[in-house]
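I open this notebook to record what I looked up, entry by entry.

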Amino acid sequence: MKQNYFELKGVDLMKLLIKNGHIIDLKNEIDMYGDILILDGVIVQIAENIEDNEAEVIDAGGMVVSAGLIDMHVHLREPGYEYKEDIKTGTMAAVAGGFTSVCCMPNTNPVCDNQAVVSFIKSRAEKVGYCRVYPVGAITKGLKGEELSEMGEMKKEGIVAVSDDGRPVSNGSVMRRALLYASHFDLPVISHCEEFSLLDSGSMNDSETCTRLGLRPIVPAVEEAMVARDILIAEHEKKRVHIAHVSTKGSVALIRDAKKRGVQVTCETAPHYFSLTDEAVNGFDTNAKMNPPLRGNDDVEAIIEGLCDGTIDAIITDHAPHHIDEKNLEFDYALNGIVGLETSLALSITYLVKTGRMTLAEMLQKMTYNPSNILNLGLGEIALGAIADLTIFDPDEIWTVKVNEFKSKSKNSPYDGYTLSGKAHITIVEGKVMYNG
Amino acid sequence: MLSGRKDLLGIQELSREDILYILDKATEMKKVVLSDNKKIPNMQGKSLITLFYENSTRTRTSFELASKYMGASSANIAASGSSIQKGESLIDTGKTLDSMGTDVIVIRHSASGAPHLLAKNVKASVVNAGDGMNEHPTQALLDMFTIREKKGSFEGLKVAIIGDVTHSRVARSDTYALTKLGAQVFIAGPPTLLPLDFEKLGNVTICESVEEAICDADVIINLRIQLERMKSALFPTVREYSEFFGMSLDKMKFAKDDVLIMHPGPVNRGIEISSYVADCENSVINEQVTNGVSVRMAVLDILCNE
């Protein structure tokens with residue numbers, strides 16, 4: 001019997017048996033057809049054939065069973081911007097896209113820069129959420145880039161990282177202090193790299209398309225100058241820094257070199273930076289407006305190379321829901337960002353795996369174990385004793401993106417009408433089926 | 001014509017034949033403009049609204065006169081003094097005008113792509129009268145009309161476009177039109193005012209100096225320094241700009257003797273062009289304005305009747 005899992009909000013099954021899965025986990029070198037038995041939310045057996053009469057059985061039908069996908073960079077918009085998205089709809093979109101954990105950025109209203117807001121988000125997620133929600137706290141009070149926020153207090157309440165995402169920490173000394181101070185609490189600092197002094201009111205990547213459309217250009221150095229700065233600070237202080245939404249060839253090169261030198265730098269990119277170029281802006285399509293902006297062919301190729309050679313650790317969505325009235329505007333006035341939770345897995349399969357650039361297992365690593373490892377979540381792998389966050393998907397299923405069918409409140413995606421490969425069908429969070437569609 | 005389009009948003013989407021068709025029609029219209037009885041019935045019973053989010057003298061007036069010479073009812077909306085100041089969105093403003101039975105909306109806007117957004121959301125024909133740094137199609141058409149009138153044809157013509165190319169929608173539209181019609185475009189200006197890959201927009205050569213660009217030129221189009229669009233200092237002083245990039249009688253000597261001096265107006269005298277050049281025999285700056293009315297009549301006639 002097919003149940004409406006969004007109504008039930010998770011079916012609590014003491015014992016869950018997943019049959020006939022193609023179990024893939026690069027971390028534990030698993031690539032086998034078989035079964036997984038879950039007891040009280042924990043994986044207790046992985047074998048070719050498990051029989052258990054007491055367990056509720058889910059037939060994976062030969063589909064891939066992966067560790068639950070983790071998106072370490074989303075905007076859930078609650079509190080403050082519930083007309084765009086809230087924790088309920090955002091996490092519904094997440095589980096529909098195969099995600100079992102999301103990390104939400106602090107640019108809410110009020111800003112998540114104190115214990116109370118962290119606590120609010122955690123309790124809302126507990127009450128209405130469909131997956132794990134890990135808040136990211138602000139680096140600075142009010143995202144103003146001036147005074148450090150109470151990172152220790154926020155950590156006690158559940159933040160897993162700090163970031164001023166949406167805005168850079170323009171003052172280098174403040175960023176240096178942030179790396180030093182956050183390290184005491186073992187909190188990674190996620191840096192939104194954007195050098196405002198170079199931005200010059202730009203609204204799209206500096207390119208032929210930009211010149212043709214008569215829009216103001218954003219040069220790649222806007223991102224790269226700050227990537228370089230943060231690498232140099234991290235190197236000197238021997239602290240970690242995580243670079244958010246890497247989009248340019250130059251950033252990939254800077255991070256690759258830094259990693260070779262032993263700098264504790266990690267980074268992420270989003271599917272739109274390896275599946276679209278700035279030509280998508282043609283026709284003044286505001287669903288192709290984001291920050292950092294879509295780049296050129298060389299950048300797309302460099303991003304894919306960076307993912308392949310390990311320079312780029314994680315694939316994130318930067319899920320940025322906006323109301324239609326905030327996008328259906330003159331290009332200059334439209335807000336930046338696109339929703340991504342319900343297309344991320346398919347875009348990664350279509351543009352990285354089906355093109356032969358990396359194996360499915362390698363790709364999954366960047367959406368499971370790697371982000372978990374960067375944030376110390378203790379998730380993202382399939383192993384005995386591991387928490388049973390699992391995603392079951394068909395990597396070969398061809399489907400057409402229809403934004404009106406998104407669970408997300410917002411429909412701002414440039415991929416409407418795209419035909420992609422790979423679809424999540426069952427999402428299990430701690431042994432509970434949170435999505436089955 | 002116009003390949004069956006509802007709107008005129010840019011030169012980019014027009015074919016060579018579309019452009020020549022408009023120019024031919026404008027030739028007929030010019031006779032009306034120069035006659036004693038400036039009235040033809042081609043827009044009788046039609047309505048036109050000029051929706052200007054930026055200041056304008058010649059473009060707005062010339063659209064208004066063009067429509068009146070053809071018997072249309074017209075009205076003007078300026079951003080100040082309208083509901084735009086109350087925060088009404090462009091789409092809502094457009095739909096309001098649509099609901100009043102407007103046939104043509106002529107829009108000028110500081111944001112590139114605004115006319116395209118409007119066109120998608122209204123039934124009325126939309127004419128782009130300049131959007132941000134993107135296009136100014138009727139300016140390009142009147143420039144082409146003027147060049148053809150004086151030079152006969154475009155094949156092999158050497159046209160120099162000088163000055164602030166980055167902020168210029170005229171430079172873009174002229175470049176598209178000149179390329180489609182077979183002319184060669186030579187560009188010069190301070191590197192801070194030249195956008196990336198401009199040479200890919202058409203048959204364009206980027207030159208090291210103004211002198212190189214205008215060497216043996218048949219036409220020089222001087223661009224206005226758009227101080228209102230510059231958000232930071234892109235050259236040190238007006239004085240230095242006029243010395244190196246402004247058009248002077250001395251520089252003009254590099255061009256052909258019968259070079260046409262053009263400027264889309266309004267002229268910053270003594271900055272991008274000296275008064276001696278602007279007012280010399282080779283200057284057709286005022287004829288451009290006359291031709292603007294004819295060309296706009298042609299465009300409106302085609303949009304309303306074909």
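**Entry 1, a tyrosine pair.** I began with A:Tyr418, which counts as partly exposed because its relative accessibility is 26%, where buried is under 20% relative accessible area, exposed over 50% and partly exposed in between, with a 1.4 Å probe and protein chains only. A:Tyr415 has a relative accessible area of 1% and is therefore buried. I noted before going further that this is a predicted model, in which local features need pLDDT of at least 70 and side-chain atom pairs count only at pLDDT 80 or more, while totals for chains, interfaces and linings use all residues. Residues are numbered from 1 along each chain as its sequence is written, chains are lettered from A and ligands numbered from 1 in the order in which they are written, and side-chain values use heavy atoms, with hydrogens and water left out.

I then looked up aromatic pairs, that is, rings of Phe, Tyr and Trp (its six-membered ring) whose centres lie within 6.5 Å, with planes under 30 degrees apart called stacked, over 60 edge-to-face and the rest tilted. A:Tyr415 and A:Tyr418 make an edge-to-face pair, at 5.1 Å centre to centre and with 85° between the planes.

I counted a charge as over a ring if NZ of Lys or CZ of Arg is within 6 Å of the ring centre and within 35 degrees of the ring normal. The charged end of A:Lys423 sits over the ring of A:Trp399 at 4.5 Å from its centre, and that of A:Lys84 sits over the ring of A:Tyr81 at 5.7 Å.

How do H1(B) and H5(B) lie relative to each other? Helix H1 (residues 16-34) and helix H5 (residues 137-151) of chain B pack at about 75° with their axes 10 Å apart, the axes being lines fitted to C-alpha atoms over the stretch in contact, and angles running from 0 to 180 degrees between N-to-C directions. H1(B) and H5(B) are therefore roughly perpendicular (65 to 115 degrees; under 35 is roughly parallel, over 145 roughly antiparallel and the rest oblique). Their contact (heavy atoms within 4.5 Å) includes B:Leu23 and B:Lys30 of H1(B) and B:Phe145 and B:Arg148 of H5(B).

In chain A, helix H9 (residues 249-261) and helix H11 (residues 297-308) have axes that come within 8 Å and cross at roughly 30°, so H9(A) and H11(A) are roughly parallel. Here A:Lys249, A:Val252 and A:Arg256 of H9(A) meet residues of H11(A), among them A:Asp298, A:Asp299 and A:Glu305.

A:Ser101 lies in E7 (residues 99-104) and is buried because its relative accessibility is 0%. Leaving aside neighbours within four places in sequence, A:Ser101 is in contact with residues including A:Asp71, A:Arg132 and A:Asp389.

A:Cys104 also belongs to E7 and, at 4% relative accessibility, counts as buried. I noted that the C-alpha atoms of A:Cys104 and A:His319 are separated by 9.3 Å, though the two are 215 residues apart along the chain.

Notes. Helix = DSSP H or I, 4+ residues; strand = E, 2+ residues; numbered from the N terminus.
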